[in-house]
Amino acid sequence: MYDSPGTRHDFGVFLPVANGGWIISSTTPKLDGLWQQNLQAAVTADEQGLDFVMSMGKWRGFGGETNHWGTSMESVTMMAGIAQATKRVKVWATVHTLLHNPAVTAKMITTLDHISGGRAGLNIVAGAYKDEFGQMGAWNPNLSHDDRYELAEEWTTIVKRLWSEPSVDFEGKYFTMKDCVSDPKPISRPRPDLICAGMSDRGFRFSVRESDACFIGGRTPDERRDASRRAKRVAEEMGTSIKTYAMCTLIYAETDAKAEALVKTYAEGADMGAIIAMLQSWGVPPERIATAASQQGAFMTQTAVGSPATCAEKVEEFLSYCELDGLMLIFPDYVEGLKMFGTEILPGLREKVW
């Protein structure tokens with residue numbers, strides 16, 4: 001639901017649900033992927049006035065020296081705990097359409113919505129990594145990329161109907177529901193938030209059509225701006241609206257020079273074994289792996305580097321230039337980073353009329 005010019009932007013946190021967070025390095029502050037660090041980050045985000053916290057669903061890491069993302073909490077159950085520990089921040093959990101039955105998911109997110117008092121959201125992941133799903137017998141080699149989105153469309157239709165209808169009959173290619181009931185209904189109105197990401201043409205149209213907000217990517221600011229514009233153009237063609245968000249990692253210190261020194265330290269600790277495994281899981285061809293790993297480096301997202309004042313300028317520029325409705329923030333140290341952002345950056349951003 002697109003924010004028209006001059007309205008409030010959304011700022012949230014991508015929780016460190018898996019070890020290492022979003023910097024693949026051995027020289028960053030330790031993020032263990034466990035409950036206490038996630039709890040502290042979520043409570044701090046809530047106290048600092050951010051809008052949402054989100055956790056991904058991850059089932060296998062990338063190995064390497066750091067075993068990056070090898071340790072992770074399960075998203076929905078963790079967010080239920082966080083819902084009890086927070087007061088106003090939205091709590092968005094991640095579910096994979098290939099792993100979770102839609103009727104089970106509808107019930108889980110409804111439960112999260114009741115626990116949180118109407119703050120639940122569902123991040124829908126239609127894609128899959130072969131090794132991650134194959135280890136549990138959930139990889140179907142007969143499903144093409146487009147097939148997975150066709151399945152996700154059926155899945156999402158069923159979830160939405162179960163949230164609003166007394167019973168559901170559905171006969172699809174991938175799912176069958178016979179007088180399927182799911183009570184109680186969510187207390188969110190009109191329903192829990194739906195969030196999705198997808199950069200292929202097929203995935204992009206699914207995200208825009210089915211969700212309230214989509215995460216966009218790109219290698220350059222121009223690519224991110226084009227993706228945001230494209231999402232809103234496609235939404236308009238479909239007679240709907242969409243918010244666009246991107247991820248941003250804040251590396252800050254007392255001065256710009258000290259922040260740049262931190263970036264250098266983190267980059268020097270890049271875990272190339274894990275980076276290569278990650279790129280392989282993305283489907284990068286073997287002949288391009290070495291070059292791609294060098295270009296990728298330790299940082300997985302857009303970065304804003306500098307003093308708090310410099311980071312504020314860069315965040316504002318990122319939002320404005322890429323025509324985004326919000327950011328999902330990442331920090332090397334979440335508690336310290338969130339306190340800094342909430343105290344020194346967020347108030348100024350809230351005052352902006354863009």
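**View 1. Helix H6 passes helix H7 in a right-handed crossing.** The model is predicted. H6 covers residues 201-210 and H7 covers residues 221-237. Their axes lie 9 Å apart, and the packing angle is about 60 degrees. That angle makes H6 oblique to H7.

**View 2. Residues at the contact of H6 with H7.** From H6 come Asp-201, Phe-204, Arg-205 and Val-208. They meet Ala-227, Arg-230, Ala-231, Val-234, Ala-235 and Glu-237 of H7. By class, the contact has six nonpolar and four charged residues, with no polar ones.

**View 3. The largest cavity, with a volume of about 50 Å³.** This is one of two cavities of 30 Å³ or more in the structure. Its lining includes Gly-57, Lys-58 and Trp-59, along with Met-73, Glu-74 and Ser-75. Thr-94, Val-95, His-96 and His-100 also line the largest cavity. Strand E3, residues 90-96, gives the most to this lining, with three residues. The lining divides into five polar, three nonpolar and two charged residues.

**View 4. The second largest cavity, holding about 40 Å³ of space.** Gly-20, Trp-22 and Ile-23 are among the residues that line it. Six of the lining residues are nonpolar and two are polar; none is charged.

How values were computed: Residues numbered from 1 in each chain as written. Predicted model: local features only at pLDDT ≥ 70, side-chain atom pairs only at ≥ 80, totals over all residues. Heavy atoms only, no water. Axes fitted to C-alpha atoms, helices over the stretch in contact; angles between N-to-C directions. Helix = DSSP H or I, 4+ residues; strand = E, 2+ residues; numbered from the N terminus. Parallel < 35°, antiparallel > 145°, perpendicular 65-115°, else oblique. Left-handed = near helix turned anticlockwise from the far one by under 90°. Contact = heavy atoms within 4.5 Å. Nonpolar A, V, L, I, M, F, W, Y, C, P; charged D, E, K, R; others polar. 1 Å grid on protein atoms, 1.4 Å probe; cavity = no way out; pocket = protein on both sides within 12 Å on 5 of 7 lines; lining within 4 Å. Points joined across faces, edges and corners; volume = space filled by probe spheres on them.
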